[in-house]
Amino acid sequence: MLRVRPIILTSNFTQTVAQLRELGLSRLENDGDWAEFDSGNGKVGVFIEAPETEAIKLGFEVRDAAIFVRRTLEDGTHAEEAHTFTGPGARVTAPTVSVLSWPPPRICACPSPMLFPPLRQP
């Protein structure tokens, strides 16, 4: 099974955590600026952004970029391998958005905000 984990970066950390709990997700860990939830079919991470940042960013962790790209192409969506801060990743491009995915960081227990680029228009 291919593992892809969505990561939400938000300055409204407490509110986002509360909303995910209201949706029925169980919190697995919470260390103050990082929370991880179990959705029943996978995990979702939430990471706090600086308070002056009022945007919500969405990123994804992918364990095997080559398999992810191959399966995404097989499903009919454009994807290509891309270099990221943590190693080989993937860029998925749809008609209105381009999203970068990367492998999980191997050094730190929680993600660095530099690893999570905002969604960009192609």
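Modeller: A nonpolar core is here a set of buried Ala, Val, Leu, Ile, Met, Phe, Trp, Tyr and Cys residues that are joined through side-chain atoms within 4.5 Å, and buried means under 20% relative accessible area. The model is a predicted one, and in it the largest such core is made of 9 residues, namely Ile8, Phe13, Val17, Leu20, Leu25, Ala35, Phe37, Val44 and Val46. Three elements, α1 (13–22), β3 (34–38) and β4 (43–48), each supply at least two residues of this core, and α1 gives the most, with 3 residues. Apart from this core there is a second, separate one of 6 residues, which includes Val69, Ala79, Ala90 and Val92.

Leaving out residues up to four places away in sequence, Val46 touches Ile8, Thr10, Phe13, Thr16, Leu20, Asp33, Trp34, Ala35 and Phe37.

Thr10, another partner of Val46, lies in strand β1, which covers residues 4–10. Its relative accessible area is 0%, and because the cut-off for buried is under 20%, Thr10 counts as buried. When neighbours within four places in sequence are set aside, Thr10 is in contact with Thr16, Val46, Phe47, Ile48, Glu49, Ala55 and Ile56.

Ser26 belongs to strand β2, residues 26–30, and has a relative accessible area of 40%, so that Ser26 is partly exposed. Ser26 and Gly40, although 14 residues apart in sequence, are 8.5 Å apart in space, taken from C-alpha to C-alpha.

To set this part in the context of the chain, the secondary structure comes to 2 helices and 8 strands, and the elements run β-α-β-β-β-β-α-β-β-β from the N terminus on. Of the 122 residues in the chain, 39% are buried, and among the contacts with a separation of 6 or more, 50% are accounted for by residues 24 or more positions apart. The accessible surface of the chain comes to about 7400 Å², and 53% of that surface belongs to carbon and sulfur atoms.

Notes: Residues are numbered from 1 along each chain as its sequence is written. This is a predicted model: local features need pLDDT of at least 70, side-chain atom pairs count only at pLDDT 80 or more; totals for chains, interfaces and linings use all residues. Side-chain values use heavy atoms; hydrogens and water are left out. Buried means under 20% relative accessible area, exposed over 50%, partly exposed in between (1.4 Å probe, protein chains only). Helices (H or I, at least four residues) and strands (E, at least two) are DSSP runs, numbered from the N terminus. Contact means heavy atoms within 4.5 Å. Accessible areas come from the Shrake-Rupley method with a 1.4 Å probe; for residues, only the protein chains shown count as cover.
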